[in-house]
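Me: Could you help me learn to read the contacts between side chains in a protein model?

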Amino acid sequence: MNPTFLGKLVERIEHLDSSEVQATLSRLVRENGFLEVVFQSLKEGVLVLSPEGEITYRNDAAMVLLPLPEPLPEKALVSRYLKDIEWDTLLARKQAANRVIEISYPAARYLEFNLLPVEPEINEHPDMAFVAIFHDITQQTTRAREVMESERVHLMTLLSAGVAHELGNPLNNLNIHLQLMEREAMKCPSAIKARLQGSLETLSEELNRMDTIIREFLKAIRPTRPDFNLVDIRLLIVDTFKLLERELDDRAIKTEVSAKAEDELATAVDVGQMKQVFYNLIKNSLHALPNGGTILAEIKREGDLLRIDFRDDGIGIELEDISKVMQPYYTTKEKGSGLGLMIIQRIVSEHGGRIELESEKGIGTTVRIYLPLGVPQIHLLKDSPLNAE
């Protein structure tokens with residue numbers, strides 16, 4: 001519609017007969033309805049603002065993306081609902097503006113925000129001074145951050161692996177010289193040997209602890225190429241429970257493996273690596289059940305994924321600690337290395353899967369694993385120094 005069409009109509013309305021007025025008004029209704037359909041079909045949120053920042057129009061997408069009440073009250077100032085934008089400054093400038101904003105309600109999103117002033121020569125409505133358009137860029141922003149985080153982790157992994165490898169050589173030398181010292185101590189008089197014995201034992205324990213930490217760390221970060229074989233995951237879990245059967249019985253812990261009979265539970269995994277995953281998860285549950293309890297392994301198919309839940313009714317994890325348990329060296333065990341879950345996460349990732357954690361203090365913990373059915377396409381970089389033995 002010509003932007004001055006309505007103004008010209010008002011000027012000429014005295015000279016039009018009733019049939020011409022009716023035809024003209026019908027045309028306006030049709031065109032207005034068409035524009036309304038167009039605006040409501042947009043995925044972008046659209047707000048029309050008055051010079052003072054009152055919302056005079058909003059489409060359906062704006063109600064979904066933005067924290068706006070339904071119904072929208074009269075004289076609703078946009079600054080009341082989107083407080084992190086400097087509305088007074090932007091509206092006073094009467095210029096186009098662009099921002100990226102983050103909102104937490106009605107859902108956590110990143111939005112690209114464009115403010116466009118309506119040119120006076122095409123604006124016949126005094127309550128229409130600006131058009132604000134909001135585009136959801138959550139996926140793009142999240143993906144970019146994940147790529148940056150992945151690159152950061154990759155660089156840190158390379159650096160850490162190099163440091164751990166370099167520590168191995170002096171550690172071996174220390175062990176050799178400790179053995180020589182122990183042999184010399186055996187030749188000393190009993191009184192001197194007794195004084196040295198405690199110090200030598202402490203040195204031996206600490207060197208062994210350092211060696212264990214380095215080996216566990218390298219195991220946690222070094223990529224390995226899984227040897228995929230088609231196995232029944234239910235039977236693999238049952239076999240893993242049997243490895244810990246005596247310890248489970250001693251602690252009066254009941255176990256159960258649950259699966260739907262009609263579900264296909266066979267998928268391709270590296271048997272040794274996946275058994276290590278299940279073993280570590282069961283051991284974690286053992287530590288969370290000091291006074292007995294139950295460990296349930298539930299297997300089900302979800303689309304083209306196999307979902308495996310390990311659930312215990314143990315002591316659980318504090319809410320503020322849940323985000324820390326996947327971090328290296330974080331542990332609540334007296335002699336834990338803090339690398340168990342990191343190793344689990346690496347193995348599951350190399351199988352093309354993912355891992356989730358849910359826990360509530362005093363209620364229990366659930367570790368959920370998703371594995372692809374079939375053989376995942378995993379490609380390790382041949383030139384990575386981490387692939388070398």
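Rings and their partners

Reply: Let us begin with a charge and a ring: R354 lies over the face of Y370, at 4.0 Å from the ring centre, where a charge counts as over a ring if NZ of Lys or CZ of Arg is within 6 Å of the ring centre and within 35 degrees of the ring normal. This is a predicted model, in which local features need pLDDT of at least 70 and side-chain atom pairs count only at pLDDT 80 or more, while totals for chains, interfaces and linings use all residues. Residues are numbered from 1 along each chain as its sequence is written, and side-chain values use heavy atoms, with hydrogens and water left out.

Me: How many aromatic pairs are there?

Reply: A pair of aromatic rings is described by the distance of the centres and the angle of the planes. Rings of Phe, Tyr and Trp (its six-membered ring) pair if their centres lie within 6.5 Å, and planes under 30 degrees apart count as stacked, over 60 as edge-to-face and the rest as tilted. By this rule there are 3 aromatic pairs. One of them, W87 with F113, is edge-to-face, with 5.3 Å centre to centre and 65 degrees between the planes. W87, F113 and F134 form one aromatic cluster.

Me: Are W87 and F113 buried or exposed?

Reply: Both W87 and F113 are buried, where buried means under 20% relative accessible area, exposed over 50%, and partly exposed in between (1.4 Å probe, protein chains only).

Me: Which residues is T240 in contact with, leaving aside its neighbours within four places in sequence?

Reply: Contact means heavy atoms within 4.5 Å, and with those neighbours left aside T240 touches K275, F278, Y279 and I282. T240 is buried, because its relative accessible area is 0%, and F278 is buried as well.
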